[in-house]
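Here is a short briefing on the structure shown below.

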Amino acid sequence: MTLILKGNIISAEKYGELNIVENGYLVSNNGIIEGVFKTLPQEYQNNKIVDYGDKLIMQSFSDMHLHAPQYPMLGMGMDLPLLDWLNTYTFPVEANFKNTDFARKIYHELALKLIKNGTTRVAMFSSLHKEATLILMDELERAGICGYVGKVNMDRNGGIDLQEKTQESIDETIDWLKKSNFKHIKPIITPRFTPSCTNELMEALGKIIKEYNLPIQSHLSENTSEVSWVKELHPDCPEYFDTYVKYGMWNNKTLMAHCVHSSPRELKSMKDNGVYVVHCAASNQNLMSGYAQIKKMVDDGINVVLGSDIAGGDYLSMFDNVAATIRASKARNILDNWETGFLTVSQAYYLGTSAANKFFDEKPGFAKGNKLHCLILDDSKLVSARKLTIKERFERSIYNRQDDAIISVYSEGRKVL
Ligand code: GUN
Ligand code: FE
């Protein structure tokens with residue numbers, strides 16, 4: 001079925017450049033983009049057009065790192081650095097997801113909120129609970145979200161309420177994989193981070209990754225105490241990332257959140273192996289982890305995508321997270337004596353949208369052949385002193401929170417809002 005959306009079309013085909021087609025046509029067929037056109041080609045003339053008038057039609061967002069079971073603690077407990085924050089606030093909240101009724105309620109709401117905020121693709125951490133993880137996948141699927149969800153593995157340092165036995169963690173993971181039969185939500189192997197997983201568990205997960213050909217997500221070099229702790233736990237590994245390399249968790253289907261304190265060697269290995277840095281600007285500031293060298297990483301050719309990292313991050317909206325990314329890049333520039341530069345709005349928007357397309361085996365922007373993921377933004381309630389260009393309207397929409405401004409969302413061609 002052909003779907004034609006008409007409006008002011010904005011996409012980021014190249015890092016730092018916006019493609020803007022005023023009063024243009026975004027054409028898709030069975031959920032696959034055919035193209036963006038200034039005038040509608042003859043072959044589509046007889047198709048029905050969904051006319052969004054003067055509204056903005058933009059690429060929707062990919063949130064490539066967030067913790068679903070931390071949604072109930074959004075905006076709370078921001079007064080401790082990472083390791084104390086995990087033990088004091090986070091692990092006790094995640095332990096509640098043993099209760100499947102509670103999980104259903106929270107995950108239903110989270111899935112709807114994601115769509116409402118224009119996030120249509122995710123790479124998400126669940127908790128260690130298999131049943132709750134399947135409920136999360138089911139709720140995301142029903143809401144129309146695409147991407148990956150991981151049952152978290154943790155068999156050490158979680159305390160009594162949030163820790164598995166090693167064999168149990170392996171068996172539950174295999175059983176979860178067998179039950180993960182969803183069309184748009186796929187499993188991703190998720191060792192929480194090196195301090196949470198014994199070598200035995202990591203080895204077993206490495207074998208599962210190989211056998212089932214699965215992607216991987218975890219945390220890396222987020223906080224200096226964490227980095228020192230990993231060195232103590234793994235005297236055989238020169239650096240943190242070697243603990244993932246060792247178990248076959250380091251390739252172009254690997255998402256590593258944070259990388260604030262990655263060494264030049266760690267970063268070079270990320271580049272050489274196509275590993276993704278998931279930058280979580282809000283979280284890194286809230287937990288006082290630090291300011292990552294994001295602009296430099298992108299300039300050096302490393303794959304960089306964005307994550308809200310709720311509830312280390314305090315907002316689900318990727319509009320907010322793109323703005324936070326820009327601000328963090330400016331703080332980094334100040335710390336670097338104004339020598340390293342900062343991200344522009346269009347560069348940060350690219351990271352929140354197109355950069356993740358590669359992880360989903362697609363081209364940047366609204367490229368022909370990509371699946372249709374977009375949102376329609378009605379910014380007409382914002383006041384202005386003069387008539388604004390489309391680019392200006394786009395830029396202020398990134399910074400300005402506008403309640404209910406997202407009036408429609410399409411995810412893999414389906415109208416989900
Ligand atoms: N490292 C290990 N677990 C977590 C988590 O839940 N959040 C963050 N920000 N870092 C982590
Ligand atoms: Fe995280």
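**Two domains in contact**

Across the boundary, 16 residues of domain 1 are in contact with 22 residues of domain 2. The model is predicted. Domain 1 covers 2-60 + 365-415, and domain 2 covers 61-352.

**Domain arrangement**

- The C-alpha centres of domain 1 and domain 2 lie 30 Å apart.
- On the side of domain 1 that touches domain 2, two or more residues come from each of strand 2 (17-29), strand 15 (373-377), helix 14 (390-399) and strand 16 (406-411).
- That side of domain 1 has eight nonpolar, four polar and four charged residues.

**Nonpolar core**

- The largest nonpolar core has 117 residues.
- Within this core, L26, I57, L136, I145, M256, V278 and V305 touch the most other members.
- The core lies between the domains, because domain 1 and domain 2 both give residues to it.
- Leaving out residues up to four places away in sequence, L26 touches L5, I9, V36, I57, F366 and C374.

**Ligand 1**

- The shell around ligand 1 consists of H67, L82, L86, T90, R192, F193, H219, E222, S283, D309 and G312.
- By class, the shell has three nonpolar, five polar and three charged residues.
- Helix 1 (residues 82-95) gives the most to this shell, with three residues.

**Helix 11 and what follows**

- Helix 11 runs over residues 318-335 and has 18 residues.
- From first C-alpha to last, helix 11 reaches 25 Å, close to the expected 26 Å.
- Its buried residues are M318, F319, N321, V322, A323, A324, T325, A328, S329 and R332.
- Just after helix 11, N337 takes a positive phi of about 55°.
- W338 lies in the loop between helix 11 and helix 12 (345-352).
- The phi of W338 is also positive, near 65°.
- W338 counts as exposed because it has 10 C-beta neighbours inside 10 Å, and the cut-off for exposed is 12 or fewer.

**Other backbone details**

- Most residues other than glycine have a negative phi, and most peptide bonds are trans.
- C259 has a positive phi, near 55°.
- C259 sits in the loop between strand 12 (254-258) and helix 8 (264-273).
- Is C259 buried or exposed? C259 counts as buried, because 28 C-beta neighbours fall inside 10 Å.
- A cis peptide bond joins I310 and A311, with omega about 10°.
- A311 lies in the loop between strand 14 (303-306) and helix 11.

**A buried lysine**

- K371 is found in the loop between helix 13 (354-357) and strand 15.
- Why does K371 count as buried? K371 has 21 C-beta neighbours inside 10 Å, and the cut-off for buried is 20 or more.
- Which residues does K371 contact, leaving aside its neighbours within four places in sequence? K371 is in contact with G31, I32, E412 and G413.
- K371 and I10 are 361 residues apart along the chain, and their C-alpha atoms are separated by 16 Å.

How values were computed: Residues numbered from 1 in each chain as written. Chains lettered and ligands numbered in written order. Predicted model: local features only at pLDDT ≥ 70, side-chain atom pairs only at ≥ 80, totals over all residues. Helix = DSSP H or I, 4+ residues; strand = E, 2+ residues; numbered from the N terminus. Expected span 1.5 Å × (residues − 1). Core = buried A, V, L, I, M, F, W, Y, C linked by C-beta atoms within 7 Å. Domains from an automatic or database assignment. Contact = placed C-beta atoms within 7 Å. Near = placed C-beta within 6 Å. Nonpolar A, V, L, I, M, F, W, Y, C, P; charged D, E, K, R; others polar.
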